Every structure is written in structure tokens, then in C-alpha cells.
Amino acid sequence: MNSSTARFHPYQRHASKTNIETTTPLPNLTIGLQPTPPKRTTEAPQICKVGKYILLERSGGGGLHKAVNIETQTEYACKIIDVNKFRETLAPVFHITSHEGINKVVEILVSDSYAYVFFERSYGDLHSYVRSKRRLKEEEASKLFSQIACVVSHCHSSGVVLRDLKLRKFVFQNPERTKIKLEGLEDACLLEGQDDILEDKHGCPAYVSPEILQSQGGYSGRAADIWSLGVMLYTMVVGRYPFHDSEPTALFTKIRRGHFAIPDTVSSKAKCLIRSMMRRDPDERLMASEVLEHPWFSSSFPISNPCRIDQKLADQTVPDLSTDVDNASFFI
């Protein structure tokens, strides 16, 4: 193959260069020579050149590699996907309209075996940030959570259900850690029409809704996302999950019952919002657009008291990345 490349629309098997010039909102796909993907190793980071990018070690605990554009020295993140699956995997990305709270695809390089998807870089994930601070003051939590709810509302209105919502899926856009974005849509489900009933059991234990744990029947994907939003907000302002147990069976039993306590250190408006998202009956939960209208976001926040965590509840604080129960997905 020579050094020239062909640009094409992700849903067209063949497309001319002229056709591509009219699809500027979509990322350019470039067919290049097959590079060797980085290998997982505990030794020194493996370095691999892909087009004009150098791929380094994986970033954080996620599935993204650090990448550097050798021409501009700009840092990016890269996700490597099997070439036979990348169109399906990225279908929600190409379907949904651009949003400042969703990680932007900069470029996609396609080889015979892999698709290399390059995103704008990030500055750490929300899970690690909450863990480092034990919990967030409500003023900071409201500013971050409003951005999360805005992203979910945008996805739902665009016919996309996120399914695997959790703190780690959101990363910071800036070093000051005031702006966040959804890292990717790989686990999202693209709906057909307005029907959002799903059958698959997809999600992470700490964030999964009670109806997903039912042995039979479908569930509303949007309502399940709202439950996960409630778990996220609870964890941000309390510093631990609303349901926690080292034994999965016991954890699922607690979630099915839907009973949880919110400490008195949390304001009444925040309690109201959490309970409105985590109602056991999916039909009684707020919609994503309604979450944004909640008066908690316009509250005048007092200075919160320092978080006092009982040593007896130490195992219920936000877990470390290496032991987090939400790392495992029992529903794929």
C-alpha cells in the first residue's frame, strides 16, 4: 500500500473523496498500514507508532492508551478496537450530535486488524477524584453533577441509552478539574424509535438498578440510567455507595429491596434529588431532563462539615481502583 490514504464515511462500504468532503461533522477515517498494537505488560511501557501518533502505556485504569502526535506534540487518548467491531462499537458516537460533555473523536486510523480511535486527552476520572477527597462538598458536587445530568439528558433525547453509567466513565476536561465529560459511548445502546425496553443484563454491580436484577422481562433503559445517576450523586456527596457488600448475592439482595439511608450531613434538597432518582419503581423516577430542573442545583450552599467516616464503615468508602466492585460486570 502506498502512502496515500482513503477517507470514507463509517457506514458506507465504498465512498469517493467527493462524498467525504460533505461529511465534515463526522471524524475522518484513514486506512493505513497495519501497525503492531501495544502489548499488555507489567514491565516497561511498550511504545508503538501508529500513523503520526506514538502510543504509550494505558492511561489510568481504563482501556485507553496515552498517545502523542509526533508532529504537534499534542497528547491524546487512544482506544484500540477490533476492525470488525468498530463500526458497531462506535455507532452511538456517529449517531449522536456533538456535545461539549461527550469526549470528541479526533481521528480514526484503520488497519487490516484494528481501528485506532483517538480522543482528546483528559485529566483523571471522577471516581479517583471522589476517592481522593473522600466526598465532595455539595457546591462542587452540584456543578459537576449538573454536567453529568446534561450529558445523560442529551443522550436520552437522541435515542441513546448509556447502560453502564458510573463515576469512572466521566473524566475531567481541564487540569483545574471543573469541567467533565463522558469518556466514551462504547457501552451505550442505540434505540430504534421511542421504545427503550432492553432485555440484556448489562451494568456494574454497585450501580445496577433493581429491575435489571429480575430474572425475567425487559426494563426501561432510560429509567435504569437514572437509577445509576442517583448512585453516582449519592457516592459523590456521601463518600460511599448506597449499597455495598463484598458478597455479590448479598449486594443484589440489598439492591432489590431498594432500602438505603442518607446521612444527615447531606442537605434536604440533595436527599430529595437522590431519592427521586432512586425510586424502586422505575415509572416513579425522574427523567433526565427533569433532574436538571431540580431546585438543588440553584441552592445557596453552606460550607459543609468535614466528612467523618466511622472506622466500622471503612469498607464502604469509595473503593480503590484495584478492588472496586464496580470493576466487574456480571451482566454482559
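Nine helices and 13 strands: that is the protein in this model. The model is predicted. Of the 332 residues, 48% are buried. Now the contacts between residues at least 6 apart in sequence: 65% of them join residues at least 24 apart.

Let's turn to helix α4, residues 126-133. Which of its residues are buried? Leu126, His127, Tyr129 and Val130. They lie on the same side of α4, because they cover an arc of only 165° around the axis. And what do they pack against? Helices α5 (138-157) and α6 (221-238), plus strands β9 (170-172) and β10 (180-182).

Look at the ends of α4. Aspartate 125 caps the N-terminal end, with a side-chain oxygen 3.0 Å from the backbone nitrogen of histidine 127. Just after the helix, arginine 134 takes a positive phi of about 70°.

Next, salt bridges. The structure has twelve. Take glutamate 75 and arginine 121, with their closest N and O atoms 3.4 Å apart. Glutamate 75 sits in strand β5, arginine 121 in the loop between β7 and α4, and 46 residues separate them. Glutamate 75 is partly exposed, at 29% relative accessibility. Arginine 121 is partly exposed too, also at 29%.

Aspartate 196 bridges to arginine 222 at 3.8 Å between the closest N and O atoms. The aspartate is in the loop between β11 and β12, the arginine in helix α6, 26 residues apart.

Last, lysine 169 and aspartate 164, which meet at 3.5 Å, N to O. Lysine 169 is buried at 15% relative accessible area, and aspartate 164 is buried at 8%.

Conventions:
Residues are numbered from 1 along each chain as its sequence is written. This is a predicted model: local features need pLDDT of at least 70, side-chain atom pairs count only at pLDDT 80 or more; totals for chains, interfaces and linings use all residues. Side-chain values use heavy atoms; hydrogens and water are left out. Helices (H or I, at least four residues) and strands (E, at least two) are DSSP runs, numbered from the N terminus. Buried means under 20% relative accessible area, exposed over 50%, partly exposed in between (1.4 Å probe, protein chains only). Contact means heavy atoms within 4.5 Å. The arc is that of the directions from the helix axis to the C-beta atoms. A polar contact is a pair of N or O atoms within 3.5 Å; within protein, one must be able to donate a hydrogen and the other to accept it, and residues adjacent in sequence count only if both atoms are side-chain atoms. A salt bridge is a side-chain nitrogen of Lys or Arg within 4 Å of a carboxyl oxygen of Asp or Glu.
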